[in-house]
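Hi everyone, thanks for coming.

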Amino acid sequence: ASSRLQHEYVPSAHLSAACTCLAWAPPGGRPPPSKDGPQRKKRKSEVADVDKQLDILAIGTAVGSILLYSTVKGELQSKLDGGHDNRVNCVRWHQDNCCLYSCSEDKHIVEWNTQTCKVKCKWKGDNSSVTSLCISPDGKMLLSAGRTIKLWDLETKEVYRNFTGHATSVSSLMFTTVKPMNENKAFDGITGLYFLSGAIHDRLLSVWYIRSDRKEKNAVMSFTVTDEPTFIDLTVSEVKEEPVKLAVVCRDGQLHLFEHILNGYCKKPLTSNCTIQIAMPGNDEDSTPKPVPILAAAFCTDRQSLLLVYGNTLQPIIEKVSLNTTESHVCLIRDIQKALSLKTDVALTKVKTPVVNSDTKVLVPGIPGHSTSVKTPSSGKERKKNKRKPGETTESIEERLEALDIDVSKVKTPGGLPQTDSFAVLLVQGLESNDAEILNRVLNTRKESVIKNTVARMPIHAVIPLLHELTKRLQGNPYSASLMVRWLKSVFTLHASYLSTLPDLIPQLGMLYQLMESRVKTLQKLSRLHGRLFILVTQVAASETVQDATEVNQTAKLVYEDESSEEEGSDDEMIADKDSDENWDEDEEKEEQSDEQEMTVEKEINGDSDLEPENESEEE
């Protein structure tokens, strides 16, 4: 009622993992089936009445364990382990108080006995992860969904029906009716009921009908909303002609209300009867209202009024709103700025100053218009002594702040240029304040790598202002234009995808296109002229070098003459003959004619090879 935090459970960080899903245990003992079912459900959605009875909260975690937490005692009651080995996606209590169902990324569904904390039954629910569960009003059937939706018989653990489901993983499942519309047939607890499903990234909520035959697997109707549904609440239809009321909170912070009698197939997606948004009134200077996101919504017991939760998640505001409007769009004006202002007068003793060495430099965070004073503490030795050297004076705060100012003369790397991260910050600051000095400093860089990194790190919103600035500079001095072209090139290569999404890109860059065309037109003439001039200049230079050179004496300083080559050849032949004769004498008498032939061949070969150099010398 007062939107104040009533109870907070902070698990010890080293023992547990992040919470992924929650479910309140049904209040009291085991209620009588079917008759009391709808009333119990209705009580559950009304938080104020249930405060007295609600106690146990089942918390699914990212590591697969389930914690049972008692809000009355304010402590963990028990921990259910050993069922899942991956993130728990959904937990649902059975009407019978000591039975809990859970599903996980590990594709399994587990039935737990919460008194013994043991797994009662575990079975594979889908081929991919199971993301959502819902128990039928009579407690005998279970809906499970990954992408396809399955209806299980809880006694046999077999699939009773299959439904096509959604293209993405299903995030919510709930029954919308507790009795069939056709009251002539005997009711078996499930046939003839409708249920609702919503999936992530899906703007349609589907309604499915459970038939007695297995033919129809598709949705009978669907509700369309503006964005992915994040929170759904509904009033269950108990009487034949009573419409189902549905409240859907979307990711974009709007709330859509639907009211529809479920009576069979409907081809077109139904749009909302009413859309509710909340906004803050504009300030004196700024008259445009700012939207406030709605986080959740639930119907009260009278079914006519809603509880809205809005604001930020740290400090949400809960408000009861009555719905007696016929308008299709309602915007509630709420001034919540005062409620949401954070207290800043915290004692300064809690602030811990990071230990910084004397040779490190501290940069102010690079958000334009954001500046903080960061105190650089003295080095360790000085702190121990805690005494200043004689002659030293304390720095005034003004001096310290000046020291923090980003100035190129101070923020220097060993190379002598500012770092690329400070360059990107400087560039954005220069563009916003239109400061020529800063812009000159940044845009006159020549290093390709620095230019690339700067353009890559600059925020998207600064791309168009930078292009305008570059266009302005291209019209000036040709020397500066050549520098600007480098920047243009890297802007177009790195931000091409962003630029192509802009609808008014051509008018934005019209001036730049004209500039380029006019420059490129003269390029052909200029390059021809450049070619001619180049030839002329090289010829002039060549003729000058010829005149400068001194005449070279052409007579040889030294001539080397070889001996007559014929003599050489005959000597070689003689040597070869001698060799062959010696070989002949050494051979044994037993050798036959074939050996003789070989020798003559060898002799010829020797002779030939010796003759070759003679021929060469003659040619020379």
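Let's begin with a question: are lysine 157 and glutamate 111 buried or exposed? Lysine 157 is buried, and glutamate 111 is buried as well; buried means under 20% relative accessible area, exposed is over 50%, and partly exposed is in between, using a 1.4 Å probe and protein chains only.

A quick word on what you're seeing: this is a predicted model, where local features need pLDDT of at least 70, side-chain atom pairs count only at pLDDT 80 or more, and totals for chains, interfaces and linings use all residues. Residues are numbered from 1 along each chain as its sequence is written, and side-chain values use heavy atoms, with hydrogens and water left out.

Searching the whole structure turns up eight salt bridges, each one a side-chain nitrogen of Lys or Arg within 4 Å of a carboxyl oxygen of Asp or Glu. In one of them, lysine 157 pairs with glutamate 111, with 3.0 Å between the closest N and O atoms. Lysine 157 sits in the loop between β11 (149-153) and β12 (158-163), while glutamate 111 is in strand β7 (residues 108-113), so this pair ties together parts 46 residues apart in sequence. Helices (H or I, at least four residues) and strands (E, at least two) are DSSP runs, numbered from the N terminus.

Now look at helix α9 (residues 463-474), which holds both arginine 473 and glutamate 469, four residues apart, about one turn of the helix. They form a salt bridge, their closest N and O atoms 2.7 Å apart.
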